[in-house]
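Dear colleague,

My findings come after it, and I would be grateful if you read them with the structure open.

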Amino acid sequence: MFLQNTWYPIAQSKEVRAVPLARQIAGQRLVMYRISDGSPVVLEDRCAHRAAPLSLGQVRGDTIQCGYHGIQYDRSGAATDVPCQAKFSPATRVRSYAAVERHNFIWAWIGEAEKATPETVPNLWWNDHPQWRGDGDTLFLKCDYRLLVDNLLDLTHETYVHDKSAGHPIIVKTPCETTWTEDTVSVSRVMGPFEVPPPWKGWVEKGLNWYGEVYRYHTCNFMMPGIVAIETGAVRADCPVPNDNPKESIRSMLINACIPADETSCWQMWVWPRNYAIDDHRLTADVVSSINKVFAEDVTMLEAQQRNISARPDARMIGIATDQGPLRAREILARAIRAQAVESAPVHAAV
Amino acid sequence: MFLQNTWYPIAQSKEVRAVPLARQIAGQRLVMYRISDGSPVVLEDRCAHRAAPLSLGQVRGDTIQCGYHGIQYDRSGAATDVPCQAKFSPATRVRSYAAVERHNFIWAWIGEAEKATPETVPNLWWNDHPQWRGDGDTLFLKCDYRLLVDNLLDLTHETYVHDKSAGHPIIVKTPCETTWTEDTVSVSRVMGPFEVPPPWKGWVEKGLNWYGEVYRYHTCNFMMPGIVAIETGAVRADCPVPNDNPKESIRSMLINACIPADETSCWQMWVWPRNYAIDDHRLTADVVSSINKVFAEDVTMLEAQQRNISARPDARMIGIATDQGPLRAREILARAIRAQAVESAPVHAAV
Amino acid sequence: MFLQNTWYPIAQSKEVRAVPLARQIAGQRLVMYRISDGSPVVLEDRCAHRAAPLSLGQVRGDTIQCGYHGIQYDRSGAATDVPCQAKFSPATRVRSYAAVERHNFIWAWIGEAEKATPETVPNLWWNDHPQWRGDGDTLFLKCDYRLLVDNLLDLTHETYVHDKSAGHPIIVKTPCETTWTEDTVSVSRVMGPFEVPPPWKGWVEKGLNWYGEVYRYHTCNFMMPGIVAIETGAVRADCPVPNDNPKESIRSMLINACIPADETSCWQMWVWPRNYAIDDHRLTADVVSSINKVFAEDVTMLEAQQRNISARPDARMIGIATDQGPLRAREILARAIRAQAVESAPVHAAV
């Protein structure tokens, strides 16, 4: 069961245009597109007439037209035109979802419409701040989205999964600090000073204009319903840590929206804004390409892990010390899903 | 549940030769081939011995020999030879199906053998009349066959699904007339005069030797258990409609046998005989190639529609005016399937 | 249900090295590899921590390290190191399986560990005898392993399945003799003299240095839990049969381990040692390549047979005379599986 009353990031802004895009989110088949004023619209991807996906149709100004028999729907999901028919039932409509665009993501509310509160959209300000810039990608993984959240909240895996790419033994050797609130978790680690491996090395040299050892830190921040924003930075080995001086330190924020498609598949919408060399498009392109290769190593592991779990879903798992971040995030999610079940239960059940 | 006591077209005559052809029809795995006198034989595609498909074997004159251990069966399904064994049980047999060849289709009766009445094979005379000729193909679609019947009985979809190929806005703008009997449905429309789009344009010009606007008409005729024969024709804009004068009008009959393979897949055996330019083989080849491209657009839509329906099989669908033909056909089918259920119910259940 | 208390051949010796190899055997996902002294280790392919397959990790001397978070396990399945953690629960372990290497196979015991008795490993001495040599391959088939055992115990199928390759009508024309014990079956046939077809012809000529007709014989020996060792030989037409004189006869032993992966898929680990021309590596390579092509014909048939059986699992099958070998083997297997069910039943159930 997925959380309903929450804002799900369902696409990155750049992905949504005046042509329909289909995406399954938390078990729901959605179609999204922009109408004439540029605002995003999110509807159920199923024509009310004969269940054809609206995503095979066309956006016509402010409506989307089903590609099968031509029925048109406005942004509220109401039919505005049924070919060969002057009048039609007001039941000729599809479900529409509250949608907002913020921080270069499109967010949709798949639960009770009256509870949709745009002010509770998570704050991912780094992704549209004028002094930060980056790019990313959207990946599809055949695993439970919580396995991806686990992965991103415990970076000790880098030492093993990425031992031939971005990993480094220092990650495992450095203790981390885990803190949490009612709906967030943070896992932090300051490493070094040491010589960072490629591909970080080139980026850090470019950002700091410094060719020696550095302190490196990361803080993995979990936010509901499945976001892991990893602040990561480097500080010259000869300077104090923490450090906000842009001549001595660089910062970036690897934002990951880990969003369920269904029970055993998910989307990883990632983007990595940084506060240095923001106009260096070659650096941006290199980050996207390098990080997609690193994530491909995780995908292999996560999908194999899912297959093992699906084969024996009830087999016991043993906890270890570095699970604390992932476990806290799962508790937050589970609590929210339990709360939702209570809210939607019939009254007598609570007596 | 599929209709049992009916003649299913299971292949086009040209597809069946002295080599086995496997095809699943209405949930039954069949093998078909021609014996030495050219007559078609239809058997269960499963050797009585160890369930090997007979379609992996060989036709030997009047028998088919299993390709695994060499058992041979005659046209009645009885074993005629079991290697390494002089005598064998009369239970060594496979099910055989009544089969007739008519109008360039092979028809099989999958229900109660004693009710098979060759005189009730649907009349598709255009397909083997000396003054009509055409060709076609057999397609496999991953959708319920009734979705394909719906598609072919409501040609308003051409305006949208085929907007970049054979479609035209005039179809939606022209009202249709729907008539029906106990076991047939017809949906008719006379359009124009207008300038027909390609690929029709070249064909009409060739058939009429006329280069201007024309009237165009189509009549979609549903026949049990899943045939849609679409009469389509064109008449010179300066001549009366309807019109049987071969100098002023041309006719053709796009025959579609929409036959279930299983609950969510089907065969579309199509052939398009015409009464003009019947010796023009390049025209015939162009029709097959062009129409297969048009049908590929339908296949994309129908398979996507099926996926949406399978995802939420009980979700409501809204009817619109142009559904009348498809709905009548579904009623006829549903009534026949209900009648069959009553017939085969135990007597006390009816008390 | 698979037999548990038995030695399953799970790989050929050459397949297992100091890198992990994953293989599903009788429903269990195993990882196997060699530790520093060369001995094989077989563990459950699922890390105790978060279910990642250990086969994605690395062998490090005497341990295997999970590729996700770096936990290491020794050959007993006990964790020896958990990164970031000085102490850890003794429950941090995976299941280990008794494993022995014999006759160039790795054998594992998936049942009750205390019943594992290395002396009961089937005797496949031809596969590591100094005067015998050959090579083979490991194939994956999408069918019940018992269908493969059936196939190898009734070689009349060669006449039909391999009619364009290694088959010959003489096989069907020659009666066979079937004998059995409590846990073995043998099916024998002496054919000829006749001119053997390729590819046998070249091999026999090389082995016997004789270019005329020969007697050919085969004896298919079933051994638990799914081994079919086919002794096959040729004797010069001018010499007596049976015949052990290496100038007048040649012998070889086509060993097939038919091992379930799950209910409808299996492994065929095959190797074909011979007692002639044992240093002729070109002959060895030719045998592997030719026999893999022959087996590919069986795979087509067996997988099609499985699909038919899966479609109607309860449909009746008719026995024929040549089934005797396969039927005896199935009885032996079924009896052993029934006995295991009785042994593991609660006591009161037997009262």
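This is a predicted model: local features need pLDDT of at least 70, side-chain atom pairs count only at pLDDT 80 or more; totals for chains, interfaces and linings use all residues.

**Relation between the copies**

Two copies of a chain are related by a rotation about an axis and a shift along it.

**Contacts between chains**

Chain B touches chain A through 17 residues of its own, which meet 21 residues of chain A. On chain B, both α2 (157-161) and α5 (281-311) supply at least two residues each to the side that touches chain A. Of the elements of chain B, α5(B) gives the most to this side, with six residues. By class, the side of chain B that touches chain A comprises 11 nonpolar and six polar residues, with no charged residue.

Chain B also meets chain C: 21 residues of chain B are in contact with 17 residues of chain C. The side of chain B that touches chain C holds 11 nonpolar, seven polar and three charged residues.

**Domains of chain A**

Chain A is divided into two domains, with domain 1 covering 7-120 and domain 2 covering 128-337. Taken over C-alpha atoms, the centres of domain 1 and domain 2 of chain A are separated by 32 Å. Where the two domains of chain A touch, 12 residues of domain 1 are in contact with 10 residues of domain 2. On the domain 1 side of this contact, β1 (7-12) and β2 (21-25) of chain A each supply at least two residues. The largest share of that side, four residues, comes from β1(A). The side of domain 1 of chain A that touches domain 2 of chain A divides into six nonpolar residues, five polar residues and one charged residue.

**A helix pair in chain B**

Two packed helices are described by the angle between their axes and the distance between the axes. In chain B, helix α1 (residues 145-153) packs with helix α6 (residues 324-343) at an angle of about 140 degrees, and their axes are 8 Å apart. That angle makes α1(B) oblique to α6(B). The crossing of α1(B) and α6(B) is right-handed. From α1(B), the contact is made by B:Arg146, B:Val149, B:Asp150 and B:Leu153, and from α6(B) by B:Gly325, B:Pro326, B:Ala329 and B:Arg330. The contact of α1(B) with α6(B) contains four nonpolar residues, one polar residue and three charged residues.

**Backbone details**

Two cis peptide bonds may be inspected. In chain A, the peptide bond from A:Val241 to A:Pro242 is cis, with omega near -5 degrees. A:Pro242 is placed in the loop between β15 (227-236) and β16 (249-262) of chain A. In chain B, a cis peptide bond joins B:Pro198 and B:Pro199, with omega about 0 degrees. B:Pro199 is found in the loop between β13 (184-194) and α4 (200-208) of chain B.

Finally, B:Ala51 is not a glycine, yet has a positive phi of about 70 degrees. The place of B:Ala51 is the loop between β4 (40-44) and β5 (58-60) of chain B.

With kind regards

Methods: Residues are numbered from 1 along each chain as its sequence is written. Chains are lettered from A and ligands numbered from 1 in the order in which they are written. Two residues are in contact if their C-beta atoms, placed from the backbone, lie within 7 Å. Ala, Val, Leu, Ile, Met, Phe, Trp, Tyr, Cys and Pro count as nonpolar, Asp, Glu, Lys and Arg as charged, and the others, Gly among them, as polar. Domain bounds come from an automatic or database domain assignment. Axes are lines fitted to C-alpha atoms, for helices over the stretch in contact, and angles run from 0 to 180 degrees between N-to-C directions. Angles under 35 degrees count as roughly parallel, over 145 as roughly antiparallel, 65 to 115 as roughly perpendicular and the rest as oblique. A crossing is left-handed if the near helix is turned anticlockwise from the far one by less than a right angle, and right-handed if clockwise.
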